Each structure stands twice: as C-alpha cells, then as structure tokens.
Amino acid sequence: MSQLPVPDLPGVGRRENLRDRIRDALRAAIISGKLEPGVVYSAPALGARLGVSPTPVREAMLDLVKSGLVVAHPNKGFRITEVSEEDLDHLAAVRLLIEPPTVRTVVPVIPKEDFDELRTLAQAIVDAAERGDLVGYIEADHVFHLTLLGYSGNRFLVDVVADLRSRTRLLGLTPLLESGRLGRSAAEHHEILDFVEARDPSGAELLMRRHIGHVRGLWAGGRDPA
C-alpha cells in the first residue's frame with residue numbers, strides 16, 4: 001500500500017458539529033481526487049492539514065468507511081477506495097434515472113421566496129471555482145443539488161442521491177480548473193435556476209441531464225459526451 005504526503009486541504013474552522021464538517025471536507029477531497037485512490041492517509045497527518053486534532057478526523061473517517069469511501073487499516077490509517085470506470089457508468093446511469101425527472105417535478109413547487117437563497121447556493125459554487133478551491137466546489141455543489149431535490153419532499157430519494165454522489169469520482173476537475181473551464185461548469189447551476197424561475201420544467205430537466213453527462217465525462221477526466 002502506497003503512502004503519499006497529505007495534500008493541502010482547507011481548514012474546517014470552528015463549527016458546532018466539527019465531526020460533520022470534517023467528514024464533509026474529507027468526502028469532497030476524495031471525490032475531487034485531492035485524496036488519491038489507493039493511498040493510505042493517517043489521521044494525525046490529515047488533522048494537521050485541516051487544523052484539528054486526530055480524534056475527530058478518525059471519527060469522520062470511520063463514517064466514510066460505512067459509506068465505502070475508505071477502508072480502515074489499524075495502526076496505519078485509511079486507504080481511499082478506488083472506483084472502476086464501469087462503476088462510474090453505473091452510478092451516472094442511476095443518477096440519470098432519478099435526478100432529471102425529480103427536478104422536473106419540483107420546478108413548479110419551489111416557492112418564489114426561496115429563489116434568492118438558491119441563487120446564493122449556486123453562487124457559492126461559482127465562487128469556489130474562481131478561487132480554485134476544489135474541495136469547496138464539491139461541498140457547495142453537493143449542498144445545491146440536494147437542496148434542489150429536497151423540494152420533492154422525499155427524504156429517501158435525497159439520501160440515495162447523496163450516496164450516489166459521494167461514490168462518484170471527479171478526477172477531471174483539476175485539469176478543468178487549470179484550463180479555466182471549471183467556471184463555465186459552475187455557471188450551469190445558475191442556468192438551472194433560470195429555468196426554475198421561468199417555471200420551465202422541461203428546460204430544467206434537459207439541463208440536468210447535460211449536467212450529469214459532464215459529471216461522467218469531462219469532470220471524471222474523460223471525454224465530454226455530446
């Protein structure tokens with residue numbers, strides 16, 4: 001098992017539920033490839049990068065073990081699990097079955113007074129892209145999409161999508177950031193909201209399908225589907 005230096009990770013700050021904040025930051029780092037598949041990371045090393053003690057890091061990593069994102073190796077640390085291309089295809093296929101039709105359903109029921117808050121969530125994704133914060137980008141993207149799906153009123157659906165998103169790997173985000181194209185992908189979230197505010201379910205559904213296509217294509221490090 002290989003071991004590499006822990007990459008720079010944003011500090012999690014002082015939040016009410018530190019364990020949850022650490023878990024979210026580590027999950028985002030895994031999805032974006034900041035924490036590399038197959039590599040073992042120790043809780044003390046991760047804690048030093050996050051600016052916290054090893055204990056909450058270890059607890060957060062144990063949560064991620066349950067999600068299948070990492071495997072615990074006693075006295076060594078946690079190995080980031082690898083996801084095959086076939087697995088990524090299957091994850092994207094299930095997301096396509098769930099998310100676009102759900103977005104179509106929620107467009108007519110999202111209260112107008114919630115539009116500003118949704119715009120704030122979308123802008124957080126753009127802001128993270130502009131400052132080159134991939135972990136922040138993944139976190140903000142996660143919150144935006146689950147908030148949107150939450151208007152379905154189906155918590156089981158939201159939990160399923162959250163799990164699918166967590167198992168996805170977006171190793172192509174770094175090249176997109178370096179090429180300046182990540183900002184264009186971030187802007188898609190505002191475009192989705194344009195359709196929401198226009199009460200256009202069909203437009204929102206089609207754009208969500210394209211958006212998930214990007215997740216499996218360019219964002220995963222492959223080719224962008226037509």
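1. Helices (H or I, at least four residues) and strands (E, at least two) are taken here as DSSP runs, numbered from the N terminus. Read in this way, the elements of the protein chain run α-β-α-α-β-β-α-α-α-α-α-α-α from the N terminus on, which amounts to 10 helices and three strands. The model is a predicted one, in which local features need pLDDT of at least 70 and side-chain atom pairs count only at pLDDT 80 or more, while totals for chains, interfaces and linings use all residues. Residues are numbered from 1 along each chain as its sequence is written, and side-chain values use heavy atoms, with hydrogens and water left out.

2. On the chain as a whole, buried residues (under 20% relative accessible area, with exposed meaning over 50% and partly exposed in between, for a 1.4 Å probe and protein chains only) make up 48% of the 226 residues. Of the contacts (heavy atoms within 4.5 Å) with a separation of 6 or more, 73% are accounted for by residues 24 or more positions apart.

3. The three strands form an open sheet in the order β1-β3-β2, with antiparallel pairing, where two strands are said to pair if DSSP finds at least two bridges between them. The edge strands are β1 (40-41) and β2 (70-73), each of which pairs on one side only. Between β1 and β3 (residues 77-80) there are two bridges in the antiparallel sense, and valine 40 stands opposite arginine 79 of β3.

4. Asparagine 75, in the loop between β2 and β3, has a phi near 70 degrees, which is a positive value in a residue other than glycine. With a relative accessibility of 86%, asparagine 75 counts as exposed.

5. The buried residues of α5 are Phe115, Leu118, Leu121, Ala122, Ile125, Val126, Ala128 and Ala129. They cover an arc of only 165 degrees around the axis, which puts them on the same side of α5, the arc being that of the directions from the helix axis to the C-beta atoms. An α-helix has 3.6 residues a turn, so residues three or four places apart point the same way. The face of α5 turned away from the buried side carries the exposed residues Asp116 and Glu130, and α5 is followed by glycine 132, whose phi is positive, near 75 degrees.

6. What do the buried residues of α5 pack against? Their partners are α6 (134-150), α8 (173-179) and α9 (182-197). For the pair of α5 and α9, the packing angle is about 170 degrees and the axes are 8 Å apart, where axes are lines fitted to C-alpha atoms, for helices over the stretch in contact, and angles run from 0 to 180 degrees between N-to-C directions. The two helices α5 and α9 are therefore roughly antiparallel to each other. The residues of α5 that meet α9 include Phe115, Leu118 and Ala122, and those on the α9 side include Leu182, Ala186 and His190.

7. Helix α1 (residues 18-32) and α6 pack at an angle of about 110 degrees, with their axes 8 Å apart. That makes α1 roughly perpendicular to α6, given that angles under 35 degrees count as roughly parallel, over 145 as roughly antiparallel, 65 to 115 as roughly perpendicular and the rest as oblique. Among the residues that meet here are Arg21, Asp24 and Ala28 in α1, and Leu134, Ile138 and His142 in α6.

8. Helix α7 (residues 155-167) has 13 residues and reaches 19 Å from its first C-alpha to its last, close to the 18 Å expected. Leu157, Val158, Val161, Ala162, Leu164, Arg165 and Ser166 are buried in α7, and the buried residues of this helix pack against α1, α4 (85-106) and α6.

9. A last point concerns arginine 199, found in the loop between α9 and α10 (201-216). Arginine 199 has a positive phi of about 55 degrees although it is not a glycine, and at 35% relative accessibility it counts as partly exposed.

Technical notes. Expected span 1.5 Å × (residues − 1).
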